[in-house]
Amino acid sequence: MSQPKRSTVLEPSEALRALLAKIANREARIGIIGQGYVGLPLAVVMAEAGFDVTGYDVAEEKVAQLNEGTSYIGDIDNSRLSAQLGAGLYRARSTFEDLGERDVISICVPTPLSKTRDPDISYIVQASEDVARSLRPGQLIVLESTTYPGTTEELVLPIFEKTGLKVGIDYFLCFSPERVDPGNPRFDIRNTPRLMGGITSNCINAGASMYGSFLEQVVQMSSTQAAEMAKLLENTFRAVNIGLVNEVALMCKKLGLESWEVIDAAATKPFGFMKFYPGPGLGGHCIPVDPHYLSWILKTLNYTARFVELASEVNTSMPTYVTELVTEALNAHKKPVNGSKVVVLGIAYKANVSDVRESPALDVIELLREKGAEVVYHDPYVPDVRLGHGTQTSEALTDDLLSSADCVVITAKHSSIDWRRVAALAPAIVDTRNATQGIEAPKASIYKL
Ligand SMILES: NC(=O)c1ccc[n+]([C@@H]2O[C@H](COP(=O)([O-])OP(=O)(O)OC[C@H]3O[C@@H](n4cnc5c(N)ncnc54)[C@H](O)[C@@H]3O)[C@@H](O)[C@H]2O)c1
């Protein structure tokens, strides 16, 4: 049996001592590659901690927007961004030639799936090559993008090794997964414990010192692979549990029960149960995608990640199930889907965010359109969205919109929507989020998951 991987132990080097001193004195200059949901909040938090931060992004329009003080990330309001721009501690760049001046570089680029649903690690390769071009002694590079175990050591490290510099002696390489939960009012970057794996003991020392200087807790791990796997476990855990409750919802429907009541009842047990709720399917950049990174790497080792596959099968079937509920709700009014007006409420992948990546609401819209429904949507966070047939814009949530609908489908429970008004006016409701819990709907039967 092979032994678990461990970081190589090295004596502290001169370059490490110099870097630790810069970190301790807040003199380390930071570069963050990728200024999206992960990279921008990290950049602002590091600047707020007193570091000089440059955010790099290939998207020139984003860079221009950021330099004007306009944030497109809900968790970072314009005033926080502008304060750091004004203090001269943050600026955004779309060119990479000054990366060599940065002492610490965090890579926060996307890790999507390819068309064949295999990991697309081209963004990590590109960013690593950009770093390698000006890699110099004394730099710390931290990969934050979610990826399969082995990426940091087997993909990123060889790109840096081509420079002839020695990892753990000249420069330092770590993997530290971002765990941010956009829109979470309780946990943010600072108070969410941070995992850190390093290629060598000096790497982890550098990484833990850097992140420990502005975060509450850094959990040091034995290897980059263990840190990569821990992140995939976290997100696979969610995908599998959501798959389980989605199947519970299907089973409850067959048994004539309401899944929400059953789940809340089970959750009164104070130990051994963790509450997850059903929904129209998985959404966001992480939960629908990351488990496939795990199943992909295991396929290369001739192993099938069975829970991942099964959860994916159940979760991806949910939009179709939602359209079946719409059909049932319309049927009760002797209406066909074809020609009916369906209003979809909330198309972001979850409540109170603007992110529509992988949002199951988009699949629900497309499926209903394929069946001939006239589908419009309202989402206070998403003014317009690109769909298969073109760009669609959010409708104002007027009384007329609600009462003129043949069916209203609730796919995100945004707290700014008055669900009592929705329940009072809509003639038929499919509620995939239990937004109408405890609310009377005088005109409509409410179909829940
Ligand atoms: N969004 C989340 O909630 C979340 C949470 C935890 C982890 N993650 C992981 O973090 C990583 C980044 O996710 P995100 O949500 O921030 O993605 P994002 O799409 O919001 O942002 C990525 C940014 O990187 C830029 N970019 C792409 N290639 C680049 C390159 N070569 N150089 C510079 N910039 C480049 C893009 O233009 C984009 O602005 C992913 O691996 C994701 O799985 C995301």
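Author: In what follows, Ala, Val, Leu, Ile, Met, Phe, Trp, Tyr, Cys and Pro count as nonpolar, Asp, Glu, Lys and Arg as charged, and the others, Gly among them, as polar. The model is predicted: local features need pLDDT of at least 70 and side-chain atom pairs count only at pLDDT 80 or more, while totals for chains, interfaces and linings use all residues. Residues are numbered from 1 along each chain as its sequence is written.

Helices (H or I, at least four residues) and strands (E, at least two) are DSSP runs, numbered from the N terminus.

The chain is assigned domain 1 (14–222), domain 2 (231–313) and domain 3 (317–448), with bounds that come from an automatic or database domain assignment. Taken over C-alpha atoms, the centres of domain 1 and domain 2 are separated by 30 Å. Between these two, 11 residues of domain 1 are in contact with 9 residues of domain 2; contact requires C-beta atoms, placed from the backbone, to lie within 7 Å. The side of domain 1 that touches domain 2 has 6 nonpolar, 3 polar and 2 charged residues.

The packing of helices comes next. Axes are lines fitted to C-alpha atoms, for helices over the stretch in contact, and angles run from 0 to 180 degrees between N-to-C directions. Angles under 35 degrees count as roughly parallel, over 145 as roughly antiparallel, 65 to 115 as roughly perpendicular and the rest as oblique. A crossing is left-handed if the near helix is turned anticlockwise from the far one by less than a right angle, and right-handed if clockwise.

Helix H8 (residues 224–255) packs with helix H9 (residues 259–266) at about 125°, their axes 9 Å apart. The two are therefore oblique to each other, and their crossing is right-handed. Val-245, Val-248, Ala-249 and Cys-252 of H8 make this contact with Ser-259, Val-262 and Ile-263 of H9. Its residues are 6 nonpolar, 1 polar and no charged.

H8 also packs with helix H10 (residues 290–299), at an angle of about 110° and with the axes 8 Å apart. That angle makes H8 roughly perpendicular to H10. This crossing is left-handed. From H8 come Leu-232, Asn-235, Thr-236 and Ala-239, and from H10 come Asp-290, Pro-291, Tyr-293 and Leu-294. The contact comprises 5 nonpolar, 2 polar and 1 charged residues.

Helix H2 (residues 39–48) and helix H4 (residues 78–86) have axes that come within 10 Å and cross at roughly 55°. H2 is thus oblique to H4, and the crossing is left-handed. Here Val-44, Ala-47 and Glu-48 of H2 meet Arg-80, Leu-81 and Gln-84 of H4, a contact with 3 nonpolar, 1 polar and 2 charged residues.
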